[in-house]
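Student: I have not looked at this structure before. Can we go through it step by step?

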Amino acid sequence: SDYGVYDVKMTLPSEFVVGSTGKLIEQTENPDDTTTHRYYQEDVHAFTFTASPDYEVVRRSTCGC
């Protein structure tokens, strides 16, 4: 299989929550109520993302601390 390097910028309405392959390396608030997200990842088969204004961010610790 081939692996790729992905350096992706996407501009979405500011109220959208984004889930994506890779690490968020830059996030810019734009004057038109949009946000530009930049994700980067090496050595993966594909880049995918999902975005919605209805998503909620949930964080949990897996260490039990």
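Tutor: Helices and strands here are DSSP runs, a helix having at least four residues and a strand at least two, numbered from the N terminus. The model is a predicted one.

Student: Which pattern does the protein chain follow, read along the sequence?

Tutor: Counting the runs gives zero helices and five strands for the protein chain. The protein chain follows β-β-β-β-β.

Student: What is the radius of gyration of the protein chain?

Tutor: For 65 residues the globule rule gives 11 Å, and the protein chain is well over that, so it is more spread out than a compact globule. Its C-alpha atoms fill a box of roughly 40 × 35 × 20 Å along the principal axes. The radius of gyration is 14 Å.

Student: What percentage of the 65 residues is buried?

Tutor: A residue counts as buried when its relative accessible area is under 20%. The protein chain exposes about 5100 Å², of which carbon and sulfur atoms supply 46%. Buried residues make up 18%.

Student: Among contacts between residues at least 6 apart in sequence, what share joins residues at least 24 apart?

Tutor: A contact requires heavy atoms within 4.5 Å. Among the contacts in the protein chain between residues at least 6 apart, the share joining residues at least 24 apart is 57%.

Student: Which residues do ring pairs link into a cluster?

Tutor: A search of the whole structure finds two aromatic pairs. One of them joins Phe 47 and Phe 49, 6.5 Å centre to centre; the angle of 40 degrees between the planes makes this pair tilted. Phe 49 has 46% relative accessibility and counts as partly exposed. The cluster consists of Tyr 6, Phe 47 and Phe 49.

Student: Where is Asp 33 placed?

Tutor: Most residues other than glycine have a negative phi. Asp 33 has a positive phi, near 65 degrees, and is exposed, with a relative accessible area of 60%. Its place is the loop between strand E3 (23-29) and strand E4 (34-44).

Student: Asp 43 also has a positive phi; in which strand does Asp 43 lie?

Tutor: The phi of Asp 43 is about 60 degrees, although the residue is not a glycine. Asp 43 is exposed, with a relative accessible area of 56%. The strand is E4.

Student: How far apart are the mean positions of the positive and negative charges?

Tutor: The protein chain has 5 positive and 11 negative charges. Their mean positions are apart by 8 Å.

Note on methods. Residues numbered from 1 in each chain as written. Predicted model: local features only at pLDDT ≥ 70, side-chain atom pairs only at ≥ 80, totals over all residues. Heavy atoms only, no water. Phe/Tyr/Trp six-rings, centres within 6.5 Å; stacked < 30°, edge-to-face > 60°. Buried < 20%, exposed > 50% of the residue type's maximum accessible area, 1.4 Å probe, protein only. Rg over C-alpha atoms; globule rule 2.2 N^0.38 Å. Areas by Shrake-Rupley, 256 points an atom, 1.4 Å probe, with all protein chains shown as cover. Lys, Arg positive; Asp, Glu negative; His and termini not counted. Charge placed at Lys NZ, Arg CZ, Asp CG, Glu CD.
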